[in-house]
Amino acid sequence: MNAPFFLNHMFITETVRTYSIIYYTIPHEQSINNEDKTATTMAQWQDLLKLDSVLQGRVSQLYERKFPKEIRQCLCLPIESQDWDSAAVDENKASICFHVLLECLEDLRNCSVQENNILQGPNFSGMKDYLLKLEDKPLNLAVILSESLKEEKKILALASEAQSCSSPAMNQTWKELDNNVNELKKLTSEVKKEMMLLEFLNENLDFIQKTWPSQVEQHIGLAKSHAVVEEECLKRTNLITQKKQMVLQQISNILNLAQKIVATLTDVELPEWKRRQQMACIGSPADASLDHLQKWFTTVAETLLQVREQLQKLQDQNKKYKSADASSLTGPMAEIEKFTLSLLTKLLANALVVEKQPIMSSLPQRPLILKTGVRFSVIVRFLANLPEFKCLLKVKPVFDKDVEEAKTLKGFRHFDFNKDDSKVLDVDSLCGGLVAEFGHMSLKERKARTKGSHESRLLVTEELHIIKFVTGFQHAGLEFNIEASSLPVVVISSTNQGVNAWASVMWYNMLSAGEPPNLSLFVDPPPLSWQQLSQVLSWQFMSVGQRELDEDQLSMIRDKILDDPDGLVQWSKFSKNENAWIWIDGILDLIKTHLVNHWRDGSIMGFVSRERTKVLLQEKQTGTFLLRFSESNKDGAISFSWVDHCNDDAHVYAIEPYTKSELSVKALPDIIYNYSLRAERTHRNPLIYLYPDIHKDAAFGRYYNTPETPATKKIKDDYVKRNNIPTSDNPTPPPSPPRKMPFMDMDMDMDMDTDITLVDLLDLPELNLFMSFQEASTETNFETNFETNFVDFN
């Protein structure tokens, strides 16, 4: 065994031993120690698990088709403890890190076997098989984990920023609420102690009063002390009365504080949470978690129930010991009881919320769009999480309950659920709250509209509906109904309506807040300010590509769709007549499908006008290029423009935009890497530096599908691996004059709608021998970049 291998083996063995000790001997919650660097490494994954569902969805998207999330969670400790950034550029380090993961996985499996927990544990065999596929490519694994850990930190930073930027006032309110709730618990604890003391005093007095006469009969001399005993009993009676009055005053103080907290929770915090949830539904990084609200609702509900319990004990004591002051306390106690019930009713009537808005699994990033006949899910939660409420409430969904628009709007459609799907609120093992999950809901139209007979004032994608969740509360003498409403949903009947439906969802939720919902908003839709629209558009790019739009990009979009001097965007301009949203959505889909890594990395400038492209590039060195989205292709397409210098003149060229279908055949980094300009029999790649001055290999190198060298090519069945190279004819104009080639006139529109641009030609030897460029230009389809198989038969 050579020395380096032996040292690496020792390192791996010791590392695995350390991880195993930490993982199996330190309790899960106690394994994070601020003074122990190794133990703190699990903090990142644990913090991710505490995020709200929207941000957790982004984490899931981060690992989708990239790396199994199960391995990330199971091996969170060894993954977070290693330096993947260094491993990503050092194959030896990458190999060491890989074997650490493999050894840790095996160690976890062995421990699971010893604990006879193999069936309940994760799929160790499947995870091991996945890792073994990467044994020969440890650098690939290192790059994936290095990038993923960085993106996780960005998501955590977003959550932290959203919380800190939510407003100092909100943070101050939360601190005050925490203090008030803690004070409530303290006061309630003191009342319990006073009630115990009252019980003790009553028992003592009762004992003296009952045993004193028999003591007098047995001991005649004690009769002289009769007056003293009566006086003592009177003192004790007065003390008990004072204690009762003090307890009632303490309870009044508790209720006054509880009233303040209940008003804050139901009138301030809950509506603000609902607004944050609205924004989170359309892509905002706002914190929509319910942890704080559940804690406060639960504590206040528990306090009010305990107050009722102490009042009942006080009444029982009065009856049991036949207190002389019982009649004088009846009125105040009745008022306190009534006040307690009113607070408890208000609190619990608002405790049912829609935690997860209606969402189809086929559109995970676009909730509130439902398609008839397609399953969707909803989660409701009861915020007062007390054991006595478990399985107490049965929740029933009702579609468009008490919706006036169903009666007043002509052509308004009516829907029913395909089946009765009532659920009982039970404790959820993940969140620890009382939850009912409706996972198999679907809709059917009650009566299809006949064509032309019931024309609606609204398009299908502008018609808004709600789902209400109703239940009856019966507990401890209380009885009332509880309702919770979803945000307005759009019901579509065809998948191609989804794009416009999402425009309606965004528009409504940016404009409307509070209850009752305005379901007739699109009868006369108010405009959005550019500030509102730019914000929600930026959120869409963050949701899809983990990178928001910057000011320059937003400025380009603003110039394209805004012509109002007051900065207002009309609904008809955005999603009806000119439908700018269709163009933007096409680009979002392009990013999601083919360009997410490059958008996230900042390699794509994207939204930059043709004029601005020329200004940015003409001062740069030859070979500098940038990537921009097509302004005319509604389905989403991307082009690159580059600069070339000739006779001290800068010429900016643009290539015909690549569409989704073309990018599904060849990835953008490979197009950039292999792109070639052909002049006679020579080829050159004009793309050298990504704007402003980043070498293309530094920007895209890790994404290249690098072709094999001739020495490593594998010959099978007489076929030799070939490469497809996108090419164009060299556009560099002749020395004099530089602008005589009409298709190189930079004053012309560089987009493919208005000028003749460069195209990718077939890179076939036969074509070069028998066809001139002019012939190829007439016989080749310039709309697509063909790839042709070339077979060399031996």
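Which residue is the bridge partner of S641 in β18? To find out, select strand β17 (residues 637-646) together with strand β18 (residues 649-654), which run antiparallel and are joined by 6 bridges; the bridge partner of S641 is A654. Strands are DSSP runs of E of at least two residues, helices are runs of H or I of at least four, and both are numbered from the N terminus, while two strands pair if DSSP finds at least two bridges between them. The two strands β17 and β18 form a hairpin with 2 residues between them, and N647 in the turn has a positive phi of about 55°.

Before moving on, note that this is a predicted model, in which local features need pLDDT of at least 70 and side-chain atom pairs count only at pLDDT 80 or more, whereas totals for chains, interfaces and linings use all residues. Residues are numbered from 1 along each chain as its sequence is written, and side-chain values use heavy atoms, with hydrogens and water left out.

**The whole chain**

Zoom out to the protein chain, whose secondary structure comes to 25 helices and 24 strands. Of its 794 residues, 46% count as buried, where buried means under 20% relative accessible area, exposed means over 50%, and partly exposed lies in between, with a 1.4 Å probe and protein chains only.

**Two open sheets**

Next, select β6, β4, β11 and β12, which in that order make an open sheet of 4 strands with antiparallel pairing. Here β6 (423-424) and β12 (478-485) stand at the edges, and because each has a single partner strand, one side of each is left without a neighbour in the sheet. Strand β11 (residues 467-475) pairs with β12 over 8 bridges in the antiparallel sense, and K468 has S485 in β12 as its bridge partner.

Then turn to the open sheet of 3 strands, with the order β2-β13-β10 and mixed pairing. Its edge strands are β2 (369-371) and β10 (464-465), each of which pairs on one side only. Between β10 and strand β13 (residues 489-492), which run antiparallel, there are 2 bridges, and H465 stands opposite V489 in β13.

**The nonpolar cores**

Select F382, F574, F629, I638 and F640, which touch the most other members of the largest nonpolar core, a set of 153 residues. A nonpolar core is a set of buried Ala, Val, Leu, Ile, Met, Phe, Trp, Tyr and Cys residues joined through side-chain atoms within 4.5 Å. Helix α11 (residues 226-281) gives the most to this core, with 18 residues. Apart from this core lies another, of 38 residues, among them I79, A94, C97 and A159.

Centre the view on F382 and, leaving aside neighbours within four places in sequence, look for its contacts, which include L348, F389, L425 and I482; contact means heavy atoms within 4.5 Å.

From E272 to G514 the C-alpha distance is 9.2 Å, although they are 242 residues apart in sequence.

Finish at D178 in helix α10 (residues 168-218), a residue that counts as partly exposed at 23% relative accessibility. D178 touches K295 and W296, not counting residues up to four places away in sequence.
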